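Hi everyone, thanks for making time for this. I'd like to walk you through one structure, so please have a look at it with me before I start.

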Amino acid sequence: MPAFPPPGSVTLCEINRDLITVESLSDGRAKDTYGKVLGIIFSPVPFQSDLLLHSTELGSEQENGDNLPRVGLTAFRKILSDYIRRYLPPNDVSLLSEVSVQGLSWHQHKHILAFISGPHQVTIRDYEDSEVKDPCILTSESQRDVQILEWRPNGGRTLSLACRGGICIWSASYPGNAAPVRSGVASFLGTLSRGSGVRWTLVDVLRSPNDEQISALSWSPNGRYLASASYDSSSFTVWDVAKGVGTPIRRGLGGISMLKWSPTGDYFFTAKFDGTFYLWETNTWTSETWSSSTGFVTGAAWDPDGRMILIAFLESAALGSIHFSSRPPSLDAHLLPVDLPEIVSLTGSQGIEKIAWDASGERLALSYKGGDEKYRGLIAIYDVRRTPLISTSLVGFIRGPGESPKPLAFSFHNKFKQGPLLSVCWSSGWCCTYPLIFHSHHLP
């Protein structure tokens, strides 16, 4: 039977398909349950969730302490609705609340977590710095309406943020070793870590034309190139970050909602709000166009080998998996359904909202729309096998802390050596991390 967290409990971790629950989160319970095995405790990080979730209509002003209008996820989605009216019937515009934004990211090799904690701010928690419990906060005048963040692969401690007007890039500076700032960029400093002396520095801003809101972001796996897109633009841009030069890829691609570079770098995925999506091979940047009959793509995740991609659609309770038939640069591929019957039969939901796939390919996390009162606001965890087609088995559900919590953003640590590590930002104002510890079915 799938593990179910009783009302009033909170999930702590998984141990061999059993999702452990406790009455309240504490470092003591974490140490007793998984800390002795992993040698590290992932304490929850508080943030002001009301800065991200509010009910004001676009154009109205809800003032904060600095007399500035607050622009959160709700407002961002309302901005998108004006654009997407060109593609969706008027009655469907409300469905834009399903747009998934990547508001949380783990460093590829370090135990460093970054997440969007306000309209214009990002929080960084370094779990490797045992002397420091307080997170660092990143803000600057160039950092407006942060919608997506992603660590740079193989780039030290460098974080990119999709903002209004461009991409802000922050790097860690150390005593006696300051991060280089691109000429002409007004440098800003984050809060100083009292333990290690690390200070985060705004080192570059890649400007978008006409003050466009960057709405999609993805690094190439070698960390050299950064792809970005705006729902206002007819193209996406591939940046050579070291040179600060961007090359537009123009194919009439207005209304891009998502970009995903494959783990090997051979393929590239783009999705639009009109229900079409594209698979590119990155040698010559040619593409094949696909079209969905179940709404636009709300989530996508590559498998570890970059030979298949899981896709969630707006109006579907099943996923799709695209399998490539031959080696790169071939674009011959097949779209197959991945049924998740429990999403309807157990939860009462009719659709999947967001997805995240562990880099080992063995755990899939997803949130879903609505659902029965008992199951509302939970995250479903699936065991995944690829032999060679994808099959899934429901492990159970994760419940967050606080009153009626809902997942705002979640992501796996892609290189955690001791198994999948899932972090979730909850609407109750906590960013929680869940180690998923189990015997791998990949082992002999």
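**Starting from one leucine**

Let's begin at L217, which touches I148, E150, S160, L161, A162, I167, L226, A227, S228 and L259, leaving aside residues up to four places away in sequence; contact here means heavy atoms within 4.5 Å. L217 sits in strand β13, residues 214-219. Helices (H or I, at least four residues) and strands (E, at least two) are DSSP runs, numbered from the N terminus. L217 counts as buried because its relative accessibility is 3%. For that term, buried means under 20% relative accessible area, exposed over 50%, and partly exposed in between, with a 1.4 Å probe and protein chains only. From L217 to I167, 50 residues apart along the chain, the C-alpha separation is 9.0 Å.

A word on what you're looking at. This is a predicted model, where local features need pLDDT of at least 70 and side-chain atom pairs count only at pLDDT 80 or more, while totals for chains, interfaces and linings use all residues. Residues are numbered from 1 along each chain as its sequence is written, and side-chain values use heavy atoms, with hydrogens and water left out.

Now the overall picture. The protein chain has three helices and 31 strands. Of its 444 residues, 57% are buried. Take the contacts between residues at least 6 apart in sequence: 50% of them join residues at least 24 apart.

Next, helix α1, residues 27-38. How far does α1 span between its end C-alpha atoms? Only 13 Å, whereas a straight helix of 12 residues would span 16 Å at 1.5 Å a residue; the expected span is 1.5 Å times one less than the number of residues. The buried residues of α1 are A30, T33, Y34, G35 and L38. Seen down the axis of α1, they fall within an arc of 155°, so they line one face of the helix; the arc is that of the directions from the helix axis to the C-beta atoms. Those buried residues pack against β1 (10-15), β2 (18-22) and β31 (430-437). On the other side of α1, D32 and K36 are exposed. After α1 comes G39, with a positive phi near 75°.

On to the aromatics. The whole structure holds 23 aromatic pairs. Rings of Phe, Tyr and Trp (its six-membered ring) pair if their centres lie within 6.5 Å; planes under 30 degrees apart count as stacked, over 60 as edge-to-face and the rest as tilted. W261 and F268 make an edge-to-face pair, because their ring centres are 5.0 Å apart and their planes are at 75°. Both W261 and F268 are buried, and ring pairs link F236, W261, F268, Y278, W280 and W285 into a cluster.

What about cysteines? Zero disulfides turn up in the whole structure, a disulfide being a pair of cysteine sulfur atoms within 2.5 Å.

Last, some backbone details. Most residues other than glycine have a negative phi, and most peptide bonds are trans. P328 and P329 are joined by a cis peptide bond with omega about 10°, and P329 lies in the loop between β23 (319-324) and β24 (333-338). The bond from T387 to P388 is cis too, omega near -15°. R17, not a glycine, has a positive phi of about 70° and lies in the loop between β1 and β2.
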